[in-house]
Amino acid sequence: MAPIKIALVGIGKIARDQHIPALAASQDYELVAAVTRHTGPEGIPSFRTIEEMLAAKIEVDAVSLCTPPVGRYALARTAIAAGLHVMLEKPPAASVTEVEDLADAARRRGVSLYTTWHTRAAPAIEPARNWVADRNLRDVVITWREDVKKWHPGQAWIWEPGGLGVFDPGINALSAITRIMPNHLHLTDAELFFPSNRAAPIAAHLTMSDANGTPVRAEFDWREQGSERWDIDIVTDCGRLALSKGGARLAIGGDVQVDGGAIDAEYPGLYARSAELVRNGESEVDLAPFRLVADAFMLGRRTIVEPFVE
Ligand code: NAP
């Protein structure tokens, strides 16, 4: 089968670290163009805008958007209007309603829209979901702590409205737990910690629950000075499940069941799924993690903390 011709839009950290290598190894895709305000990947034609790429009349079937979430809506709208399939990095746009509108536009234009959640493609997530399915959950604790200076150096957009602050990594944990737990989660309480000089939170505590009343607590914090912790602990009526390394490692009752590579294992899976959607003429738009973040901003108490200086 001929590969799907794809353009990458926004050549920053995640495009270089994950998308370009995943596309280079993919049988499903051929990277034919980059849309960038700077220098694109070597050997690939680069354009400053999607409109310029379209005007050049190169053959392209799809775009993968790796820009920050604010601004993605307009890019995706342009691509959909031109009949291109669209794959979105997480979080999918700047607001829930933007994504709903994109889903509607893609349906009307007959193209595929895929809101990716890379942590869901981590190797321990599906085994965790399967194990949990037959058990009664008692308690869930999510700990997502990392050093913002190490993981997001110089990323000014992440501190702006719509950049989501600590929810940029925290939404990965929410994408994992909303995949693993069989019932819908809703937020009951939140506290967001804003540096006095920033428009986005540096830490957040969330309390959530499902229809059975299972307590789910999450702590997201960018002020970690030691090793990062991307952990989810689930206590059930027959044993304890521990996910760590952002969904790469799974232990049940202390016995390690899965210990795969971390993020490097995720993007080949995302592109394989994306190709399947495009070839089947389908979209996949799951907003559950994004809605929980929106609800945290809506319901959360705001506490001002010391300024953040990079
Ligand atoms: P980044 O390093 O800041 O790169 C974003 C790129 O988007 C920039 O290099 C720029 O590319 C383009 N861009 C267009 N408009 C921009 C604007 N107004 N401000 C800044 N950049 C703009 O960010 P990133 O870490 O790659 O993250 C991008 C998305 O991927 C985010 O949604 C993030 O949550 C997600 N993600 C990141 C990681 C990670 O480890 N960093 C992991 C998974 C997912 P050009 O110079 O080519 O125009």
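Q: In this predicted model, a pocket is an open set of grid points with protein on both sides within 12 Å along at least five of seven lines. Which pocket holds the ligand's space?
A: A molecule sits in a pocket if more than half of its atoms lie within 2 Å of the pocket's grid points. Here, the space taken by the ligand is the largest pocket.

Q: Where does the ligand lie relative to domain 1 and domain 2, and why?
A: Look at who supplies the shell. Domain 1 (4-115) gives residues to it, and domain 2 (120-264 + 294-305) does too, so the ligand lies between them.

Q: What is the make-up of the ligand's shell by class?
A: There are 21 residues around the ligand, with I11, T36, H38, R72 and D168 coming nearest. Sorted by class, the shell comes out as eight nonpolar, seven polar and six charged residues.

Q: Which residue's side chain has an N or O atom 2.5 Å from a ligand oxygen?
A: Polar contacts here are N or O pairs within 3.5 Å. K90 brings a backbone N or O atom to 2.8 Å from a ligand oxygen, and the side chain of Q155 has an N or O atom at 2.8 Å from one. The 2.5 Å pair belongs to the side chain of D168.

Q: What is the volume of the largest cavity?
A: The count gives one cavity of 30 Å³ or more. Among the residues lining the largest cavity are I6, Y29, H85, M87 and V278. Its volume is about 40 Å³.

Terms used: Residues numbered from 1 in each chain as written. Predicted model: local features only at pLDDT ≥ 70, side-chain atom pairs only at ≥ 80, totals over all residues. Heavy atoms only, no water. Near = heavy atom within 4 Å. Polar contact = N/O pair within 3.5 Å; in protein donor to acceptor, adjacent residues only side chain to side chain. 1 Å grid on protein atoms, 1.4 Å probe; cavity = no way out; pocket = protein on both sides within 12 Å on 5 of 7 lines; lining within 4 Å. Nonpolar A, V, L, I, M, F, W, Y, C, P; charged D, E, K, R; others polar. Domains from an automatic or database assignment. Points joined across faces, edges and corners; volume = space filled by probe spheres on them.
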